[in-house]
Amino acid sequence: MVQTEVWKKLKEELNAKGVTLVAVSKKKPVSDIQEVYDLGQRDFGENYVQELVDKQPQLPTDIKWHYIGHLQTNKVKYVAPFVHLIHAVDSMKLLSEINKQAVKSHRVIDVLLQLHIADEETKFGLSKEELIELLEQYSAQKTELSNVRICGLMGMATFTDDLEQVRKEFGNMKNIFTFAKDSYFMTDATFDTCSMGMSGDYEMAVEEGSTLVRIGSMIFGERN
Ligand SMILES: *Cc1c(COP(=O)(O)O)cnc(C)c1O
């Protein structure tokens, strides 16, 4: 069930802090998304290509769709015509494919690079060293990659009760964001997004400098 009052409070609190709220609607029906849209929400996040491609035509065209899951290269073409921001880019191969599909759609597609900040093996993302390597390659090929725009970084903290560890991971992520901005995007005003924080840890993420939070279960209720 949609938590209307929770959304209102969250939206107000985040607006006051200049933080973008992405409502993560994966596994939730189109009717729930419409309900949150009618409250005034415009940014929605999805994790699965098929699900997003099914939902998108059934909903208002001014929704900004954030693709927040791991994106396979061979599926970029399905989301390229309409996606607003791709959050989890972690290879040059994927970045090149997004550029290629953006050219075909006559668009410039905004992306975030995914950092691995958690102390967990299973999550995707780049280490700081791998991020630097990718940014070096990107800088060298910037003219060929003019249909993608790197707008910042995204990361997920470890799923743990140890709040000090979570805070440290978000702080680390923000430091790397600042380093990347200063080293590679000094003159790009569009490199401004530090996407971190979910239902369980968004307050801490905002305290540590998040500019965009991805919140699902708090707004839509638990997923099955
Ligand atoms: C599902 C998901 C979220 C939202 O998680 P909640 O705990 O429901 O807020 C945020 N980010 C990513 C990458 C997700 O997969």
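Let's start with the aromatic rings: this predicted model has four aromatic pairs. In one of them, Phe185 and Phe191 are stacked, with 4.1 Å from centre to centre and 5° between the planes.

**Aromatic rings**

- Ring pairs tie Tyr138, Phe177, Phe185 and Phe191 together into a cluster.
- Are Phe185 and Phe191 buried or exposed? Both of them are buried.
- The 5° between the planes of Phe185 and Phe191 is under 30 degrees, so the pair counts as stacked.

**The whole protein**

- If you count up the pieces, you get nine helices and eight strands.
- How does the radius of gyration fit with a compact globule, and what is its value? The protein has 17 Å, which agrees with the value near 17 Å that a compact globule of 224 residues would have.
- Picture a box along the principal axes: the C-alpha atoms fill roughly 50 × 45 × 30 Å.
- Buried residues make up 50% of the 224 residues.
- Take the contacts between residues at least 6 apart in sequence: 59% of them join residues at least 24 apart.
- The protein exposes about 11,000 Å², and carbon and sulfur atoms supply 49% of that area.
- There are 26 positive and 34 negative charges, and the mean positions of these two groups are 5 Å apart.

- Asn99 sits in helix 5, which covers residues 92-104.
- Setting aside residues up to four places away in sequence, Asn99 touches Glu144, Leu145, Ser146, Asn147 and Val148.
- Asn99 and Lys128 are 29 residues apart in sequence, and their C-alpha atoms are 23 Å apart in space.
- Lys181 belongs to helix 7, residues 163-184.
- Leaving out neighbours within four places in sequence, Lys181 is in contact with Met186, Asp188, Ala189 and Phe191; Phe191 is also a member of the ring cluster.
- Lys181 and Met196 are 15 residues apart along the chain, with 16 Å between their C-alpha atoms.

**Loop residues**

- Here's some background on backbone angles: most residues other than glycine have a negative phi.
- Lys27 is not a glycine, yet its phi is positive, at about 65°. You'll find Lys27 in the loop between strand 1 (20-24) and helix 2 (30-39).
- His106 also has a positive phi without being a glycine, and its value is near 55°. Look for His106 in the loop between helix 5 and strand 5 (109-115).
- At 75% relative accessibility, His106 counts as exposed, because the cut-off for that is over 50%.
- Where is Val83? Val83 is in the loop between helix 4 (76-79) and strand 4 (85-89).
- Not counting residues up to four places away in sequence, Val83 touches Trp65, Tyr67, Arg107 and Ile109.
- Val83 and Thr193 are 110 residues apart in sequence and 16 Å apart in space, C-alpha to C-alpha.

Notes: Residues are numbered from 1 along each chain as its sequence is written. This is a predicted model: local features need pLDDT of at least 70, side-chain atom pairs count only at pLDDT 80 or more; totals for chains, interfaces and linings use all residues. Side-chain values use heavy atoms; hydrogens and water are left out. Helices (H or I, at least four residues) and strands (E, at least two) are DSSP runs, numbered from the N terminus. The radius of gyration is taken over C-alpha atoms; the globule rule is 2.2 Å times the number of residues to the power 0.38. Buried means under 20% relative accessible area, exposed over 50%, partly exposed in between (1.4 Å probe, protein chains only). Contact means heavy atoms within 4.5 Å. Accessible areas come from the Shrake-Rupley method with a 1.4 Å probe; for residues, only the protein chains shown count as cover. Lys and Arg count as positive and Asp and Glu as negative; His and the chain ends are not counted. The place of a charge is taken as NZ of Lys, CZ of Arg, CG of Asp or CD of Glu. Rings of Phe, Tyr and Trp (its six-membered ring) pair if their centres lie within 6.5 Å; planes under 30 degrees apart count as stacked, over 60 as edge-to-face and the rest as tilted.
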